[in-house]
Amino acid sequence: MGIGLLCNFIVIILNGGFMPLMPEIAEKLVVPGSNIILELGERVGLGKDILLRKEDTILWFLGDIFTLPSWINYRVAFSIGDIFIAVGVFRLFWTLGRPHIKTEEISP
């Protein structure tokens with residue numbers, strides 16, 4: 001989880017306090033037929049993202065560059081940091097949920 005949080009923190013700090021989102025990724029998130037207008041350099045809605053071109057983004061590969069497959073009817077963009085966080089949370093819950101084996105010490 002720490003690696004994911006660090007990745008997200010670094011890219012957000014280096015890009016003016018917002019998570020960078022490339023226009024080609026943002027287009028996949030907009031519902032067809034909606035009248036949403038996205039402008040470069042502007043915050044996307046009220047969220048954490050800012051619309052930046054790849055060449056204008058510092059550490060673009062840490063930004064929101066992934067989307068879910070089109071057959072999943074949920075539009076979201078996420079980063080490699082988000083993946084690390086999700087894996088870390090899953091591992092934490094898996095570890096906390098497994099049965100604990102009690103070991104008894106035998107004294108001589």
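**Burial, charges and contacts**

Me: Does Asp64 count as buried or exposed, and at what relative accessibility?

Reply: Buried means under 20% relative accessible area, exposed means over 50%, and partly exposed lies in between (1.4 Å probe, protein chains only). Asp64 therefore counts as buried, its relative accessibility being 1%.

Me: Which atoms do the side-chain values use?

Reply: This is a predicted model, in which local features need pLDDT of at least 70, side-chain atom pairs count only at pLDDT 80 or more, and totals for chains, interfaces and linings use all residues.

Me: Which residues do salt bridges with shared partners join into one network?

Reply: The structure holds four salt bridges, and one of them links Asp49 to Lys48 at 3.1 Å, N to O. Asp56 and Arg53 form a salt bridge as well, with their closest N and O atoms 2.9 Å apart. Through shared partners, the residues joined into one network are Lys48, Asp49 and Asp64.

Me: What is the relative accessible area of Lys48?

Reply: Asp49, a salt-bridge partner of Lys48, counts as buried at 13% relative accessibility. Lys48 itself is partly exposed, because its relative accessible area is 40%.

Me: At what distance does the side chain of Arg43 reach the backbone oxygen of Gly47?

Reply: Arg43 is in the loop between helix H2 (23–29) and strand S2 (49–51), and its relative accessible area of 43% makes it partly exposed. A polar atom of its side chain lies 3.0 Å from the backbone oxygen of Leu46. A polar contact is a pair of N or O atoms within 3.5 Å; within protein, one must be able to donate a hydrogen and the other to accept it, and residues adjacent in sequence count only if both atoms are side-chain atoms. The side chain of Arg43 reaches the backbone oxygen of Gly47 at 2.8 Å.

Me: With which side chain does that of Asn8 make a polar contact?

Reply: Asn8 belongs to helix H1 and is buried, its relative accessible area being 10%. Contact means heavy atoms within 4.5 Å, and, leaving aside neighbours within four places in sequence, Asn8 is in contact with Met19, Leu62, Ser79, Gly81, Asp82 and Ile85. Its side chain makes a polar contact, at 2.9 Å, with the side chain of Ser79.

Me: Is Asn15 buried or exposed, and at what relative accessibility?

Reply: Asn15 is placed in the loop between helix H1 (2–14) and strand S1 (19–21). Not counting residues up to four places away in sequence, it touches Pro20, Ile50, Leu52, Asp56, Thr57 and Ile58. Asn15 counts as buried, because its relative accessibility is 8%.

Me: How many residues make up the largest nonpolar core?

Reply: A nonpolar core is a set of buried Ala, Val, Leu, Ile, Met, Phe, Trp, Tyr and Cys residues joined through side-chain atoms within 4.5 Å. Ala26 touches Leu21, Leu38 and Leu51, residues up to four places away in sequence being left out. The largest core consists of Leu21, Met22, Ile25, Ala26, Leu51, Ile65 and Ala77, and their number is seven.

Me: What is the phi of Leu59 near?

Reply: Leu59 is found in the loop between S2 and S3 and is partly exposed, with a relative accessible area of 30%. Its phi is positive, in a residue other than glycine, and is near 55°.

How values were computed: Residues numbered from 1 in each chain as written. Heavy atoms only, no water. Helix = DSSP H or I, 4+ residues; strand = E, 2+ residues; numbered from the N terminus. Salt bridge = Lys/Arg side-chain N within 4 Å of Asp/Glu carboxyl O.
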